[in-house]
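This briefing summarises computed features of the structure displayed below. The points that follow the lead sentences are grouped by topic.

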Amino acid sequence: MKKIIAVLFAVAMVANEAYAFKAIGHQTIAAIAERHMTEKAKSEVQTILNADMTRHAMWLYSLRKNPQLAHTQQWQYATLNAEGKSVTTYENDAVVVLERAVEVLCNRKNESDSLVQAALRTVVQVVGDIHNPANIRIEGNEATKGFNFTLYAITKGSSAGENLVKRKNSWHAMWHNYTNRHDIFSPQYYASDIELCYGSKKAEYEKGTPRFWAENVGEDVVRCLEVIYPDAMLKTEIAHRYEAIHDKCMAKAGYRLAALLNSIFK
Amino acid sequence: MKALKIFAALLLSLVVSHNAMAWGKSGHSISAYIAEQHLSDKAKAECQRYLKHSLPYFASWQDHWRYCDGFEEVCTAHAHYVNVDFSLRGKGSPDRDPVSRIDKITKEMEKGKYKSMPDSIVAMNLKLLIHMVGDMHCPGHITYHPDSNYPVKMKIVIKGKPMARHKFWDGAPTILHPKWKLERFCKEYDTYSPKEIKKICKGTPYKWGDVAAREMVKTFDYWKDGQSYKSLSKDKRVAIEELMHETLAVGGYRLAAVLNRIFK
């Protein structure tokens with residue numbers, strides 16, 4: 001594990017920020033976390049990263065282009081068993097990667113600076129990753145690996161009659177694209193917005209362990225898949241309504257990331 | 001042949017739906033963000049209580065929901081345009097155009113009347129106001145009388161591609177400043193003095209609409225049909241930037257004024 005993370009670190013120095021444009025979701029989660037971290041945790045994180053967390057929220061995505069590190073693409077996915085429980089020990093599962101990175105951070109006094117930095121960057125991103133419903137996979141449920149569906153609307157233009165408009169969509173694209181609606185928001189402003197809605201739930205959301213968190217998002221996934229399914233033809237409003245679930249997941253990720261870092265750097 | 005017909009129908013519907021768009025999502029968010037900076041404490045608290053989000057979060061709500069069941073009427077395409085007659089005065093179309101709807105909603109909610117409305121209706125009205133006040137200040141959102149012969153369909157070339165005048169104004173904030181976020185736009189555009197803001201917010205939405213219609217006529221001289229943005233003189237580019245600055249800020253100030261009046 002140490003060797004892998006050390007190699008990752010070296011590569012990341014070259015590839016960092018290649019995907020910064022699409023980082024708003026991860027950056028917002030980091031910004032929510034920063035609002036709830038203790039002074040000590042903030043200070044230690046700043047020292048290790050030499051920057052605020054929002055600048056490192058997409059670190060792993062920058063590694064994928066290197067064929068030797070292609071397996072890191074799997075690090076964003078958490079797999080649950082058929083009962084919705086996270087029991088996996090697969091080394092590339094997001095939860096397992098997260099647990100190992102936390103272990104490195106807890107033992108940071110005996111680790112190299114570069115390894116500690118890589119572990120912290122991994123934690124910042126993977127906590128976000130396991131809160132994206134598109135990144136939760138459930139054994140025996142093929143749909144959780146992704147599928148296409150169609151959204152439709154009957155449009156009534158001011159100068160034309162009715163038209164049926166269909167748009168292809170996918171399970172992954174739906175969850176990844178909600179942040180596009182607010183891509184003019186800074187991560188800090190997006191964070192303050194999300195907190196207006198979910199701030200009162202912080203104490204409830206931040207409880208548990210990474211495995212519980214993945215299972216918790218998995219419950220939302222199961223509920224959503226009762227409505228959205230492969231090749232479904234759905235009204236556009238379905239996608240609009242699910243933005244609230246997406247936002248709730250971002251809030252949970254931010255609060256949980258803060259709680260995790262506060263416990264590591266207490 | 002059948003596939004070609006389907007493609008043509010899809011293309012047509014995309015054109016129709018685009019033409020019914022408002023300020024792009026960015027322009028709406030900027031005006032709403034500026035409005036937020038000018039809300040009274042009470043208005044800010046009440047907006048947060050009903051919306052549970054910021055004003056910019058719902059700035060494009062009316063565009064998102066316009067074709068969804070139960071929202072066709074409240075989010076209708078007509079609610080995005082200020083219609084003016086040959087003499088550039090608002091024609092008004094009760095319950096449909098943004099001017100009359102802003103006025104109607106404000107009167108229905110002001111003087112504490114919002115307290116007797118269901119929370120969901122208050123929230124929906126706020127989302128409509130956030131969007132429509134922005135829309136009526138967008139340079140591409142004045143519908144002129146057909147006989148006025150303004151070249152409303154003129155194009156401008158951006159990065160080598162022709163873009164409709166309407167689409168250019170809708171997307172202008174991010175076309176001209178692709179890296180700016182809300183805070184930067186606000187810093188650059190929220191520059192009017194309290195005295196100027198007070199003057200800007202005087203009058204009714206009807207008057208605001210009429211003034212906007214007269215003001216926007218000058219935009220037809222900013223470029224010739226098919227001209228590239230790059231080839232515009234510095235003066236014309238400055239004029240575009242200044243108009244964008246003015247319309248986004250004025251829309252924000254007036255939105256704040258409307259909300260402050262409702263939650264006085």
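Chain A has 266 residues, of which 45% count as buried, where a residue is buried if 20 or more other C-beta atoms lie within 10 Å of its own, exposed if 12 or fewer, and partly exposed in between, with C-beta atoms placed from the backbone. This is a predicted model, in which local features need pLDDT of at least 70 and side-chain atom pairs count only at pLDDT 80 or more, while totals for chains, interfaces and linings use all residues. Residues are numbered from 1 along each chain as its sequence is written, and chains are lettered from A and ligands numbered from 1 in the order in which they are written.

**Confidence**

- The model has an ipTM of 0.86 and a pTM of 0.87.
- The mean pLDDT (the predictor's confidence in each residue, from 0 to 100) is 89 for chain A, with 89% of its residues at 70 or more.
- In chain B the average pLDDT is 87, and 88% of the residues score at least 70.
- Residues 1-21 of chain B have a pLDDT below 50, and this stretch has 21 contacts in the model beyond near neighbours in sequence; two residues are in contact if their C-beta atoms, placed from the backbone, lie within 7 Å.
- Residues 1-21 of chain A likewise stay under 50 in pLDDT, with 31 contacts beyond four places in sequence.
- Where pLDDT is low, the predicted coordinates should not be read in detail.

**Composition of chain A**

- Chain A contains 11 helices and 5 strands; helices (H or I, at least four residues) and strands (E, at least two) are DSSP runs, numbered from the N terminus.
- Of the contacts in chain A between residues at least 6 apart in sequence, 74% join residues at least 24 apart.

**Nonpolar cores**

- The largest nonpolar core comprises 123 residues, and Val123(A), Leu129(B) and Leu259(B) have the most contacts inside it; such a core is a set of buried Ala, Val, Leu, Ile, Met, Phe, Trp, Tyr and Cys residues joined through C-beta atoms within 7 Å.
- Helix α11 of chain B (residues 234-262) gives the most to this core, contributing 12 residues.
- Another core, of 7 residues, lies apart from the largest one and includes Ala134(A), Met174(A), Trp175(A) and Ala239(A).
- Beyond its neighbours within four places in sequence, Leu129(B) contacts Ile102(B), Ile105(B), Leu255(B), Val258(B) and Leu259(B).

**Helix pair α5(B) and α11(B)**

- The axes of α5(B) (residues 98-109) and α11(B) come within 9 Å and cross at roughly 25 degrees; axes are lines fitted to C-alpha atoms, for helices over the stretch in contact, and angles run from 0 to 180 degrees between N-to-C directions.
- α5(B) is therefore roughly parallel to α11(B), since angles under 35 degrees count as roughly parallel, over 145 as roughly antiparallel, 65 to 115 as roughly perpendicular and the rest as oblique.
- Ile102(B), Thr106(B) and Met109(B) of α5(B) make the contact with Val258(B), Arg261(B) and Ile262(B) of α11(B).

**The sheet in chain B**

- Three strands of chain B form an open sheet with mixed pairing, in the order β4-β3-β5; two strands pair if DSSP finds at least two bridges between them.
- The edge strands, each pairing on one side only, are β4 (161-164) and β5 (227-228) of chain B.
- Strand β3(B) (residues 155-158) runs parallel to β5(B), joined by 2 bridges, and Val157(B) stands opposite Ser228(B) in β5(B).
- β3(B) pairs with β4(B) in the antiparallel sense over 4 bridges, and Pro162(B) is the bridge partner of Val157(B) in β4(B).
- A hairpin is formed by β3(B) and β4(B), with 2 residues between them, and Lys159(B) in the turn has a positive phi of about 50 degrees.

**Two residues in chain B**

- Phe168(B) belongs to helix α7(B) (residues 165-176) and is buried because 24 other C-beta atoms lie within 10 Å.
- Leaving aside neighbours within four places in sequence, Phe168(B) contacts Ile156(B), Ile158(B), Met163(B) and Ile175(B).
- Ser231(B) sits in the loop between β5 and α11 of chain B and counts as exposed because it has 10 C-beta neighbours inside 10 Å.
- The C-alpha atoms of Ser231(B) and Lys104(B) are separated by 44 Å, with the two residues 127 apart along the chain.
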